[in-house]
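Here are my notes on the model you sent over. I went through the interface first, then picked out a single residue.

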There are 2 protein chains.
Amino acid sequence: MVRTTASFGTSSSFVLRLGQTLFSSASLLFMCFNDDEDFYAYTTFCYLVTVMGLVTPWSVTLALMEAYSILVKKLPMQATVISVIVAGDFVLSFLSLGGACSTASVAVLLMDAGEKQCDRYKLSATMAFLSSFLSFASTFFNFCLLPSLMSH
Amino acid sequence: MVRTTASFGTSSSFVLRLGQTLFSSASLLFMCFNDDEDFYAYTTFCYLVTVMGLVTPWSVTLALMEAYSILVKKLPMQATVISVIVAGDFVLSFLSLGGACSTASVAVLLMDAGEKQCDRYKLSATMAFLSSFLSFASTFFNFCLLPSLMSH
């Protein structure tokens, strides 16, 4: 299996990482900076903030590694490192998908109950969903890279 | 890439399909047969019922195909058919994961608000989560089968 379009160390993968960083931090900001109701009153929102608090540093770290690999010196591609990245991306994409769906459903329920601040919760859920989608894209492209690394 | 342990037409894949059928129909039954509050009052629960209503026939159909392939006559393995199965499993596993997480978060919120019937909602979410996990396992094993089919 040849090197895929957006696998580790390519500029498109770097763009994917930037997107993940952008969306997960936006999700965090929308959730945390609310006018009246505080998010920690709801378990679901605490879960989303926790997951996004994991996704953001994970994406920033990988974005820096990829920038270094593209701009300074090509990093050696080892199967173990890529497997760890694939596993991490996979787990985080599932966790953030779960967080996004839970937050969206609770926001809809609160809106039905007359809560005013729901737009920010829905925006936060949308950002988390986009971040989860990009995480899964990274998972897929790096996963397709693994067989060719393992056969070396 | 050689034939994987639980790819289409093997007994372990058949067991995976039975598990999916069992969990998705259990999720449906727990959600629909409730004493007082009706599920369709909440958007999230309607979404879960819709998704489980898709997963159950999908799993039953594939279970029957696999039983036929194991017991009667081995079905020819074409890359296009397996790709359709992988895509369907993948989409349904994501949809049911989203449904499970939304239902769980709304059930927790309702429980905080003093609702009595939440145990069934939580059971239904748990079943949906297990069904989503088994769907993703099928996706993974059949996806690993694709390269060897395509190289024929």
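1. Chain A and chain B bury about 1,600 Å² between them, and 85% of that is on carbon and sulfur atoms. On the chain A side, A:F94, A:L109 and A:F143 lose the most area to chain B; together they make up 30% of what that side buries. Keep in mind that this is a predicted model.

2. As for residue counts, chain A and chain B each put 21 residues into the contact. By class, the chain A side that touches chain B has 15 nonpolar, 5 polar and 1 charged residues.

3. How many salt bridges are there between chain A and chain B? The count is 0. Polar contacts do turn up across the interface of chain A and chain B: the rule finds 5 residue pairs, with both residues at pLDDT 80 or more.

4. Which elements of chain A give two or more residues to the side that touches chain B? They are α2 (43-71), α3 (79-112) and α4 (118-150). The largest share of that side, 12 residues, comes from α3(A).

5. Buried or exposed? A:M150 counts as exposed because its relative accessible area is 54%, and the cut-off for exposed is over 50%.

6. Setting aside neighbours within four places in sequence, A:M150 is in contact with A:A79 and A:S83. A:M150 and A:Q78 are 72 residues apart in sequence, yet 8.5 Å apart in space, C-alpha to C-alpha.

Methods:
Residues numbered from 1 in each chain as written. Chains lettered and ligands numbered in written order. Predicted model: local features only at pLDDT ≥ 70, side-chain atom pairs only at ≥ 80, totals over all residues. Heavy atoms only, no water. Contact = heavy atoms within 4.5 Å. Buried area = accessible area lost by both parts, 1.4 Å probe. Salt bridge = Lys/Arg side-chain N within 4 Å of Asp/Glu carboxyl O. Polar contact = N/O pair within 3.5 Å; in protein donor to acceptor, adjacent residues only side chain to side chain. Helix = DSSP H or I, 4+ residues; strand = E, 2+ residues; numbered from the N terminus. Nonpolar A, V, L, I, M, F, W, Y, C, P; charged D, E, K, R; others polar. Buried < 20%, exposed > 50% of the residue type's maximum accessible area, 1.4 Å probe, protein only.
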